[in-house]
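Dear colleague,

I am handing over the structure we spoke about, and below it you will find notes on what turned up when I went through it. Please read them with the structure open beside you.

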Amino acid sequence: MVRKLLTLVLLGFGVALAQAQGFRGLSLGTSYPEIGVQPGESVNLTLTLKNYGLPPGVVRVQVAEAPQGWQASLIGGGRLVRAVYLAPDGEATLTLRLQPPKEVKPGTYRFLVRAEGLGHTASLPIGLVVGQGLPQRLSLEAELPILKGPPTSSFRYRVTLKNESDRDLLVSLEYEAPKGWQVTFTPAFSSQQVTSLPIKAGESKDLDVEVSLPKDTKADTYGLTLRAAAGEAKAELALTLEVTGRPEVRFTTKEGRLSGQVVAGRENAVKLVVKNEGSAPAKNLSFSAMEPSGWEVKFEPDKLDALDPGQEQEVTARIKPSPKAVTGDYMVTLSLSGSDGLSESLDYRATVVRSSLWGLVGVGIMAVALLVLGFAVNRFGRR
């Protein structure tokens, strides 16, 4: 809005100045009437035709002079234009499109655009210097070239891609990263991933580059390279990603079963396995249990100072049910905890059974009772 207001003020100042100097007539101009271009490059120039102090009317426009083999067209509103209507102190914008022949030699080529009407004439000479255009060039810059976090984080770089040449380019996007990494390119404020995108001459575009890592990526500093290419134009950008370690412990039984039989009043060994599947050592691991009343649970070992990434350790939980425990299922919760808030647990269903020794004792008692009964019958029965 401010830009539009400033433009209107400047235009009004220009009209007032022209009127103050007594100028009346037609003005035909462009910001850069002589430019350098690459061989084979087409050019679009913006022309401004203005009426200074004349009555309204139609003004005819044409490309009066053009080098042999070149195609020169005046376009307005997306169509070829031969005439323009101008109100008093009004103006119109036209596009001069210049297309070279297939085999154009380096050198300077001259064009002449003319406007005639309302009793006045305006001419504009145009010069193209073929062979002096800007070389194709791209640049890549990152807002934050170094990011840091655990491997489970979402890493996102904001990158600016700029076309520093004087022609429009279709730019392809590539990357070089460690194996297993996933890298995607998304235009800023968009959700559509891209592998290439068009960029106009002198234009810049912001991209979000998102990097996803495997969960088991070890803590370290890694490099990532982004590449942009369009013909001879190439650009590279080196990024850094500092992966911080994070332990992830899996805690389960050795056989994977979460239930088993235990004998009342006896220690019952349950084999457990602790494995660090994270990217940093798991430190200060200790074991505990939540058991039914009258039960005892001991761990061997009961502590682990550290468990490196990928390492596993066998731990034995010795579960001793109460001697008075009746036959049935009971739940025992086995837990581990460590530094940095690390915590894991599992629920083990313990089925209590009676000892076979007590069964033998019962059989013995019954046998003794039968012997005593037989002896009594044999002795007192005869009387």
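Four strands form an open sheet in the order β11-β13-β17-β15, and their pairing is antiparallel. The edges are taken by β11 (138-142) and β15 (182-187), each of which has a single partner strand, so one side of each is left without a neighbour in the sheet. On average, and with direction ignored, neighbouring strands of this sheet are turned by 30 degrees against each other. Please keep in mind throughout that this is a predicted model.

Within that sheet, β11 pairs with strand β13, which covers residues 155-163, in the antiparallel sense and over five bridges. In this part of the sheet, L138 stands opposite N163 in β13.

Leaving aside residues up to four places away in sequence, A230 touches Q136, L138, L169, L170 and V171. One of these, L170, is 60 residues apart from A230 in sequence, while the two are 6.0 Å apart in space, taken from C-alpha to C-alpha. Is A230 buried or exposed? Its relative accessibility is 7%, and because buried means under 20%, A230 counts as buried.

Elsewhere in the chain, strand β10 (residues 120-130) has pairings of both kinds. With strand β2 (residues 34-37) it is joined by four bridges, and these two strands run parallel; here I35 stands opposite L128 in β10. With strand β9 (residues 107-117), by contrast, β10 pairs in the antiparallel sense over eleven bridges, and A115 stands opposite A122 in β10. The hairpin of β9 and β10 has two residues between the strands, and in this hairpin L118 takes a positive phi near 60 degrees. As background, strands of a sheet pair through backbone hydrogen bonds, and they may do so either parallel or antiparallel.

The last pair to look at is β4 and β7. Strand β4 (residues 57-65) is joined to β7 by four bridges, and the two run antiparallel, with R60 standing opposite A83 in β7. Which residues of β7 lie on its covered face, and which on its uncovered one? In this strand, which spans residues 83-86, V84 and L86 make up the covered face, whereas A83 and Y85 make up the uncovered one.

With kind regards

Technical notes
Residues are numbered from 1 along each chain as its sequence is written. This is a predicted model: local features need pLDDT of at least 70, side-chain atom pairs count only at pLDDT 80 or more; totals for chains, interfaces and linings use all residues. Side-chain values use heavy atoms; hydrogens and water are left out. Buried means under 20% relative accessible area, exposed over 50%, partly exposed in between (1.4 Å probe, protein chains only). Contact means heavy atoms within 4.5 Å. Two strands pair if DSSP finds at least two bridges between them. Axes are lines fitted to C-alpha atoms, for helices over the stretch in contact, and angles run from 0 to 180 degrees between N-to-C directions.
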